[in-house]
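Reader: Could you walk me through a few local features here, with the cut-offs as we go?
Author: Gladly; ask in any order.

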Protein chains: 2
Amino acid sequence: MADAETRLARVALTLLAEPGTRAVHRLVARHGPRTALALALSGEIPDDATRDAVRARLGAGDPRPAAEAALATAARLGARLVVPEDDEWPTGLDALEHVELSVADRRVDRELAPPLCLWVRGEWPLVDAFDRSVAIVGSRAATAYGEHVATDLAYGLAEREWSVVSGGAFGIDAAAHRGALAAGGLTIAVLACGIERAYPVANTALFDRIAETGLLVTEWPPGADPLRPRFLIRNRVIAAATRGTVLVEAAARSGATQTVRRAIAMGRPALVVPGPVTSAMSVGCHEILRQHESARLVANVAHVLEEVGRIGADLAPPAQGPQRPRDQLDDQATFLLESLPRRGVVTPDAAAIRAGIDIRTALRKLTLLETLGFVMRRDGGYALTPPSRRPAEDEPP
Amino acid sequence: MADAETRLARVALTLLAEPGTRAVHRLVARHGPRTALALALSGEIPDDATRDAVRARLGAGDPRPAAEAALATAARLGARLVVPEDDEWPTGLDALEHVELSVADRRVDRELAPPLCLWVRGEWPLVDAFDRSVAIVGSRAATAYGEHVATDLAYGLAEREWSVVSGGAFGIDAAAHRGALAAGGLTIAVLACGIERAYPVANTALFDRIAETGLLVTEWPPGADPLRPRFLIRNRVIAAATRGTVLVEAAARSGATQTVRRAIAMGRPALVVPGPVTSAMSVGCHEILRQHESARLVANVAHVLEEVGRIGADLAPPAQGPQRPRDQLDDQATFLLESLPRRGVVTPDAAAIRAGIDIRTALRKLTLLETLGFVMRRDGGYALTPPSRRPAEDEPP
């Protein structure tokens, strides 16, 4: 458990630089939060851009009273602060220490350092909640198809006692939370603003339900606005804290595709649900599958579990068509059956010739076909069983 | 140009063993068609199973008169016989010489030898028609989505002077042919029965249209029935004769997935169109993409051309969202813009503090934002341009 001064220093540092800033993270890693704050306050940050940015924010005044106020507000809201020194800090976030994005992936959050602290509303210890967790992300402007799939996947994961993690947006995010809640599961919304800011406002009731049985989590102190770049900064937490990220629907270049790219950069399972190629909302999904060899197409919960589950324990069964009686037939029996006339009786000799197999084999296979109900003996030969009494089938001719 | 006896021998051998039989192909490769036929007639085939099968068919009589009759019938129908000795023999079929399927892929056509001959209706020389060709295959029980995509892909390929190759079934096959025909392109139906057998009968008019401007092709002589195993035997020709195979919709374990597996086994591009994971008709497509690393997801004609086209000549452009004015902004300008209050005026100093960037940078970025029309000077500071006059955007907040 971290002491009060350490916690306060981490909050104050969050007020001085956006989460994810590498230079600040390095300072904390080297000197500890309290010394790091002192250095920041006196302008001793090695990185020029960060030093200038911190100086600009210091223009608004000493961050420590604001940090005290943020902690007091959080306490009043029933929220708590969790810091890396706490036992409940989710270990998956450590992966952000070393991750680098390729130039193609860069947007405003090109710096991907781990969070300095997390504000949390809800009962679960973070580390437990994130232990068996899967992120489900996608477009705000999702289609009915996407929302259906997100709900269905989240429901299935929750049923199997996996936590669902997403943002707080309309569309795929909300659908995923609803699916997990419907299954009585644990769901976690990672926000891009203060814990008390229900953004979007229309999701207020959803956030309250999530906080009751699951968790609301954010890097930003109470009062922070949901500025656009923060959604992307937030995405690295979703990718890092979970065992894998599922992308359900995404337009080209959308924020959700960026979350998956972060998962890929960290070597976490990047799972993508395809959709109709005629849907703009699946273009981003298909592009990820085309561009990244490590991205994996998933079509159902079993596929997801196969990737995020413990190796060998959760293998998805291969897709199977319905088992047909014909599946019991070998090549020769199949050919023999297919070669029989639709109507009338043939002798075993004639059947063998039609099928191009020898008579001994033909007799053996006819016996098999009779046993399985495909043919019947009649008038000294064999005839097809009438369709009504034949084993069901579904292919031509 | 092969002599008449060679041609007759190849037809007679087709009557004695199903196309694709390895032992017969080897006999022809070693001794030539005429000697191979003589050996088959006298029971001298090294492979036991094939020898027995040939003997059984010989029970129906000498195949040479039947072969003569088949050639006469074909001539009457306006069809011709093409043999490997002819200049127009499609070279892609040679790939079948060495291809082996894994046990998992086996069905009744475990033998994949090249055809002994092909019956053809239509004007185009085979080798030209198949030179720039793409197979489009899929389910008979296709959905409206699948038929739309198949038609669209075939139309786009035909427009770019690629031939389309498919079977003759309802669903994806017919949709592909219709798309190519609509673009005035060359389309080829590879049948699993005699050239004069319109199977399914409801596609008779379609086959006639295909024969007028494209080609009908089959390994089986006139009169041959569309027996079920023949569809799978036929599929190897579709995969081998083309530059790549596109799978549009397929149920698990369907025949169309087998065609793609044959393309994969031959190292040909295996291209798969995904679909909704809620559709049984896309399960086979998704399984191929999950099981085979070499299978490639394609969503449009550009993607297909990228794989089958000459290297470098037909690269598909990466998917792009609409170009937005915001794309011209760097990280700091974006953050600055996002940090401005929705209403009212701020001084450059206040803007810099809100954004956490230094004042010199803030002034530079504000000038940029003003030039691009995002902000305007007012009352000694800066304000957001009213939404109606702001560059269009599409993301929160």
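Reader: Where is H286(A) placed?
Author: H286(A) is in helix α11 of chain A, where helices (H or I, at least four residues) and strands (E, at least two) are DSSP runs numbered from the N terminus. This is a predicted model, in which local features need pLDDT of at least 70, side-chain atom pairs count only at pLDDT 80 or more, and totals for chains, interfaces and linings use all residues. Residues are numbered from 1 along each chain as its sequence is written, chains are lettered from A and ligands numbered from 1 in the order in which they are written, and side-chain values use heavy atoms, with hydrogens and water left out.

Reader: Is H286(A) buried or exposed?
Author: H286(A) counts as buried because its relative accessibility is 3%; buried means under 20% relative accessible area, exposed over 50%, and partly exposed in between (1.4 Å probe, protein chains only).

Reader: And what does H286(A) touch?
Author: Not counting residues up to four places away in sequence, H286(A) touches P274(A), G275(A), P276(A) and V277(A), together with P274(B), L297(B) and A299(B) of chain B; contact means heavy atoms within 4.5 Å.

Reader: Moving to chain B, where does S282(B) lie, and what is it in contact with?
Author: S282(B) lies in the loop between β8 (270–272) and α11 (283–291) of chain B. Leaving aside neighbours within four places in sequence, S282(B) is in contact with E249(B), A250(B), P274(B), G275(B) and P276(B), and S282(B) is buried, with a relative accessible area of 0%.

Reader: Back to chain A, how many residues of α10(A) are buried?
Author: In helix α10 (residues 255–265) of chain A, 10 of the 11 residues are buried, among them T257(A), R261(A) and I264(A). The buried residues pack against β3 (133–137), α9 (228–241), β7 (245–247), β8 (270–272) and α11 (283–291) of chain A, and α10(A) is followed by G267(A), whose phi is positive, near 75 degrees.

Reader: What does α2(B) span, end to end?
Author: Helix α2 (residues 22–41) of chain B spans only 17 Å between its end C-alpha atoms, whereas a straight helix of 20 residues would span 28 Å at 1.5 Å a residue; the expected span is 1.5 Å times one less than the number of residues.

Reader: Where does α2(B) bend?
Author: α2(B) bends by about 120 degrees at G32(B), with a proline, P33(B), following within four residues; the bend at a residue is the angle between axes fitted to the seven residues ending there and the seven starting there. Both G32(B) and P33(B) are buried, and the buried residues of α2(B) pack against α1 (4–16), α3 (48–58) and α4 (63–77) of chain B.

Reader: Which peptide bonds are cis?
Author: The bond from Y199(A) to P200(A) is cis, with omega near -5 degrees, and a cis bond also joins Y199(B) and P200(B), where omega is about -5 degrees. P200(A) lies in the loop between β5 (187–191) and α8 (204–213) of chain A.
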